[in-house]
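This briefing goes through one structure by topic. Please have the sequence and the model at hand while reading.

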Amino acid sequence: MVSGGGGGAEWEKNTGGNGGGLQGGSAKSDCTHALFQCPGFISGGGSQTSGGTAAPTMNKVSGIPGLFGMSPMKYSSPDFGAVGGNGYYNGASIDFAGAAGGGSSFISGHKGCIALNGPADETPSPSNSPIHYSGLLFTRSTMIQGNKSMPLYYSPKARGIGNKGRGAIRITILPNEITSENHYIFRSDISLVLYLGFSC
């Protein structure tokens, strides 16, 4: 299970992409603080099979495409700009000024997810299988992107649009667990509650 994070934004009027469900949100950049216009500079969000598409290069601003499992940065740059949201596949970053795309999420067994091909092969499953190569999966899962209403970590009844800042997690441990050969079975009248929320 991987929860997508929201993309960063440098300076006002820039909007980072929301953390994903299956697809991370795209970011819109405004370069007026850098003293030029950059219409159409969109840093893409990560998907189930690739990192976000980079914004074009103009003047000192340059887009950096997203990667699998890590947010790309131009480490030699004197000004990092905005970093793509981490996640399954990460959002595109942008150097010098602008906004970055959001990362995508992954839950093994969730409809629409695409698992990796294997432990030594980070390419997507050729059959588009949603089940992790370990064979472990979740059933009755729910995936909520960061710009939608979701449960908040500090109270079972609290809801809001994303979890700003560094994100949050709430795990509810369930009683009456029965184990057999590393498989976990729970009574049908209780359910596992696991909420992962990152910035919108």
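His110 sits in the loop that runs between E6 and strand E7 (116–118). The model is a predicted one.

*His110*
- With a relative accessible area of 14%, His110 is buried, because buried means under 20%.
- Beyond its neighbours within four places in sequence, His110 is in contact with Leu22, Pro130, Ser141, Thr142 and Met143.

*Positive phi outside glycine*
- Lys13 is not a glycine, yet its phi is positive, at about 75 degrees.
- The loop that holds Lys13 lies between strand E1 (9–10) and strand E2 (27–28).
- Lys13 has a relative accessible area of 62% and is exposed, since the term exposed applies over 50%.
- Phe96, also a residue other than glycine, has a positive phi near 85 degrees.
- Strand E5 (93–95) and strand E6 (98–99) are the elements on either side of the loop in which Phe96 is found.
- Phe96 has a relative accessibility of 23% and therefore counts as partly exposed, the class between the cut-offs of 20% and 50%.

*Cavity*
- How many cavities of 30 Å³ or more does the structure hold? There is one.
- The largest cavity contains about 30 Å³ of space.
- Its lining consists of Ile64, Pro72, Met73, Lys74, Phe80, Ala82, Val83, Ser93 and Ile94.
- By class, seven of the residues lining the largest cavity are nonpolar, one is polar and one is charged.

*Chain as a whole*
- The protein chain has 14 strands and zero helices.
- Read from the N terminus, the order of elements is therefore β-β-β-β-β-β-β-β-β-β-β-β-β-β.
- Of the 200 residues in the protein chain, 42% are buried.
- Where contacts in the protein chain join residues at least 6 apart in sequence, 48% of them link residues at least 24 apart.
- The protein chain has an accessible surface of about 11100 Å², and carbon and sulfur atoms account for 56% of this area.

Terms used. Residues numbered from 1 in each chain as written. Predicted model: local features only at pLDDT ≥ 70, side-chain atom pairs only at ≥ 80, totals over all residues. Heavy atoms only, no water. 1 Å grid on protein atoms, 1.4 Å probe; cavity = no way out; pocket = protein on both sides within 12 Å on 5 of 7 lines; lining within 4 Å. Points joined across faces, edges and corners; volume = space filled by probe spheres on them. Nonpolar A, V, L, I, M, F, W, Y, C, P; charged D, E, K, R; others polar. Helix = DSSP H or I, 4+ residues; strand = E, 2+ residues; numbered from the N terminus. Buried < 20%, exposed > 50% of the residue type's maximum accessible area, 1.4 Å probe, protein only. Contact = heavy atoms within 4.5 Å. Areas by Shrake-Rupley, 256 points an atom, 1.4 Å probe, with all protein chains shown as cover.
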